[in-house]
Amino acid sequence: MQTIPHHDLSRDVSRDLSRRGFVKLLGAGILIAATDAAAFGQARGGRRGGGGGRMGGKPVSIAARVHIARDGTITVLTGKVECGQGARAEITQAAAEELRVSADQIQLIMADTGLVPDDGMTAGSRTSPSTIPSVRQGAAAARLALLALAAQKWNLTPEQLRSEDGTITHPASNRQISYGELAADEDAIKAFAKTPSGDVTVTPVKEWKVLGTPVARPNGRDLVTGQHTYPSDVARPGMLHGKVLRPPAYGATLASIDLAPAKAMKDVIVTQDGSFVAVAAPTAFGAQQALDAIAATAKWDRTAQPFSKQLFDDLRQHARNVPKNSFAAEDPAKSLRAMYTVAYAQHAPLEPRAATAEWEGGKLTVWTGTQNPFGVRSELEKAFGLSPDAVRVIVPDFGGGFGGKHSGEAAVEAARLAKAAGRPVALRWTRSEEFTWAYFRPAGVIEVEASLDGNSKLASWHFININSGPSSIETPYRVAKSHSQYVQSDPPLRHGSYRGLAATANTFARECAMDELATLAGADPLEFRLAHLEDPRMKAVLEAAAKRFDWAGRSKTMEPNVGIGIACGAEKGSYVATCAQVKIEDGAVAVTHLAAAFDCGKVLNPGNLLSQVQGAVTMALGPALREEIRFENGVIRNASFGEYRVPRFEDVPEITVDLIDRPEVPSAGAGETPLIATAPAVANAVFRATGQRVRDMPIKLKHA
Amino acid sequence: MDATFHFSVNGEPHAVTTDEQRPLLDVLREDLQLTGTRYGCGEGQCGACSVLVDGKRVFSCQTAASKMDGKKIITIEGLASGHTLHPVQQAFLDEGAFQCGYCTSGMIVAAAALLKEKPNPTDAQIRDGMNGNLCRCCSYVRIQSAVRRAAAGGR
């Protein structure tokens with residue numbers, strides 16, 4: 001039997017990831033390769049880094065980005081995906097703005113590798129700062145090409161013409177011609193084959209008509225009527241439903257299995273290739289029955305596996321070359337030494353991993369939910385020894401990613417099953433599979449040593465993140481002696497990207513430590529921060545959040561068991577500050593108010609941005625208060641929504657959001673950074689309410 | 001064991017022969033191609049699979065097909081009247097009360113059931129009535145506004 005490489009979802013992969021792919025992803029590799037080319041994505045490497053190690057996005061021709069049909073229909077193409085952050089609306093707006101049409105005149109095709117250019121994966125908050133400019137370049141070049149053609153036809157200059165609503169007019173002579181008529185011309189085809197130079201003049205912010213406005217999700221009606229086809233909903237003629245046998249624990253290997261009980265079932269396909277055992281049947285229920293029948297016969301070899309109760313000790317023990325603090329404190333009474341921890345968390349998008357695979361004439365098509373369509377294509381190429389043109393990955397708008405869907409496990413599994421079955425197969429991971437076999441947000445230990453000088457100003461800062469990553473690791477606060485460093489460890493679970501990456505962990509530790517230092521200094525936490533900040537954008541978000549929250553007023557009138565806290569941070573070019581009020585009820589923390597201020601430069605779509613910020617600050621309450629993966633000997637103990645408690649309606653406090661629009665600053669992404677200040681603001685509020693310092697995420701109260 | 005069950009879905013009568021333990025969710029999605037009702041957890045914790053059975057919200061992932069004999073089922077696909085959206089659908093659209101949208105069908109069905117029972121809910125009643133539905137994008141603020149808007153007749 002041919003051995004097909006497949007995803008080993010066990011511990012070994014986590015090590016591979018943590019040492020290579022993940023480090024690359026977190027490190028300099030995630031930064032954009034800012035070229036003057038029309039389309040550019042992220043410079044990436046490593047398997048998990050996406051794009052199969054290729055550069056995401058090469059310069060593309062106008063035709064690869066914009067297609068204008070004879071009837072005037074405008075189709076724009078992008079490799080980006082929509083999984084809730086609003087890329088569909090904003091990329092549509094970018095194209096509409098530069099083509100001088102309204103947003104509803106644009107049809108946007110996203111993430112079909114058979115049709116679209118590779119814009120890199122949808123991650124790292126890169127859609128706004130890199131894909132939007134690429135699309136604007138392509139669309140502006142298309143419009144200029146059409147203007148030039150019309151001018152040539154009428155023996156005029158482009159400057160004498162106007163383009164509006166898909167038509168070019170010459171006001172002086174009242175002549176007009178539609179984009180569709182022009183685009184059918186041989187000369188237009190030649191012009192659209194060219195790759196724009198990358199310095200095409202785009203519409204200045206002050207003239208924007210579509211960008212900068214709250215354009216609604218173009219397919220919103222399909223969402224509210226249930227008509228949108230998510231990856232889980234894709235159905236193909238003759239399709240079967242698949243299920244994959246999972247080990248009982250990480251590190252377990254299959255010793256033996258009897259496939260006969262499933263083979264005896266009507267219409268059931270069973271396939272085994274080493275440890276990969278899977279079934280397919282006409283219904284998901286039938287497939288589950290077949291899987292249960294053979295799973296009962298499976299014998300597994302188990303090995304000793306880690307426990308979450310030892311997690312932080314393990315991470316510290318396995319940390320490599322942790323540097324010592326080289327800054328001696330002047331006055332030990334004015335110094336802080338604290339250790340912060342951040343637990344493993346799961347992304348838990350509401351739509352678990354899903355894929356439908358179909359083979360036809362040696363070619364493979366897979367519909368799946370992934371933030372990395374071209375990366376998944378390359379995973380499939382490698383898994384089956386196919387050339388890129390023999391694999392097509394189609395990503396319908398899908399049910400949430402949060403950094404958790406950079407990989408193609410379900411796609412590869414569905415394709416293996418479909419190959420064995422000789423028919424299309426749909427594979428939809430269960431919630432328990434998603435909790436157990438998807439990669440996790442990394443856990444981390446952060447060690448902070450800091451001191452104040454005689455004037456109660458920050459004198460030294462020593463900040464070590466073990467395992468969770470370097471995002472936002474540098475302190476924004478003014479300090480003479482400072483050392484911040486990320487140190488790798490040997491993580492027990494397979495971890496990867498998560499919305500905001502380690503910015504959440506590093507901001508949590510830094511902002512909690514700053515609060516402790518403010519107390520040592522006898523200063524107000526807001527004043528202490530402002531006194532150490534120079535960046536006007538960071539100051540502005542702090543001041544805006546504090547003003548909206550009435551920080552000064554609330555500070556004076558605190559009821560028993562109520563506390564307020566504040567935190568701020570910056571990541572990937574955007575800034576957030578969050579104020580929180582908590583009430584301690586029956587020994588539990590209830591967050592009653594959050595006020596966030598956010599600045600990501602020029603706002604592309606205020607409606608979408610507000611939704612992102614409201615959602616992100618709320619989502620962050622989960623890992624702040626409760627979300628924590630528990631595992632024992634390689635078994636996840638809370639692999640369900642019943643046991644892994646994510647934010648619900650009852651947890652939502654009063655939320656106010658201030659958006660700071662900066663027309664002079666290029667737009668940064670906004671899908672991640674708004675999360676990062678929630679947890680420390682809540683932790684600092686818990687201290688004010690209880691006198692207990694919180695140094696763990698999720699926050700645990702010691703009961704008196 | 002297979003048996004035949006008779007029920008109506010969105011006003012259409014159906015006779016479905018299937019395993020009696022098979023979840024209604026699978027029957028709707030796989031046999032009737034009504035994929036607007038979604039799987040989120042399989043344990044009645046997220047509400048993505050919500051449908052109306054005789055006017056009440058149920059979790060279709062937790063409901064065996066055999067329990068549906070003689071029932072009237074309404075799914076997200078059956079809420080609108082022709083091109084006119086149900087007031088809750090219209091309110092969700094007007095408020096942009098979704099991000100990824102995967103929870104939206106279940107949210108709308110839950111809200112429709114809530115407003116049928118309590119046409120003018122307080123904010124606390126909205127919170128309690130919707131608490132069985134998860135939105136992982138945490139668009140709760142917008143969803144709450146959409147339910148309020150629907151209750152106020154679209155204003």
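**Close-up views of the predicted model**

**View 1. Surroundings of A:Val279 in the predicted model.** Apart from neighbours within four places in sequence, the contacts of A:Val279 are A:Gly242, A:Lys243, A:Ala262, A:Val268, A:Ile269, A:Val270, A:Ala287, A:Ala290 and A:Leu291.

**View 2. The largest nonpolar core.** This core holds 259 residues. A:Val279 is among the residues with the most contacts inside it, together with A:Ala411, A:Ala414, A:Val425, A:Val682 and B:Ala111. H4(A) gives the core its largest share, 11 residues.

**View 3. Helix H4 of chain A, residues 127-154.**

**View 4. Domain 1 of chain A against domain 3 of chain A.** Chain A is divided into domain 1 (11-224), domain 2 (231-302 + 353-428) and domain 3 (318-344 + 440-697). Taken over C-alpha atoms, the centres of domain 1 and domain 3 of chain A are separated by 35 Å. Contacts between these two domains involve 28 residues of domain 1 and 30 residues of domain 3. On the side of domain 1 that touches domain 3, helix H1 (11-26), helix H3 (87-99) and H4 of chain A each supply at least two residues. H1(A) provides the largest share of that side, eight residues. By type, the residues of this side of domain 1 are 14 nonpolar, 11 polar and three charged.

Conventions. Residues are numbered from 1 along each chain as its sequence is written. Chains are lettered from A and ligands numbered from 1 in the order in which they are written. This is a predicted model: local features need pLDDT of at least 70, side-chain atom pairs count only at pLDDT 80 or more; totals for chains, interfaces and linings use all residues. Helices (H or I, at least four residues) and strands (E, at least two) are DSSP runs, numbered from the N terminus. The expected span of a helix is 1.5 Å times one less than its number of residues. Domain bounds come from an automatic or database domain assignment. Two residues are in contact if their C-beta atoms, placed from the backbone, lie within 7 Å. Ala, Val, Leu, Ile, Met, Phe, Trp, Tyr, Cys and Pro count as nonpolar, Asp, Glu, Lys and Arg as charged, and the others, Gly among them, as polar. A nonpolar core is a set of buried Ala, Val, Leu, Ile, Met, Phe, Trp, Tyr and Cys residues joined through C-beta atoms within 7 Å. A residue is buried if 20 or more other C-beta atoms lie within 10 Å of its own, exposed if 12 or fewer, and partly exposed in between; C-beta atoms are placed from the backbone.
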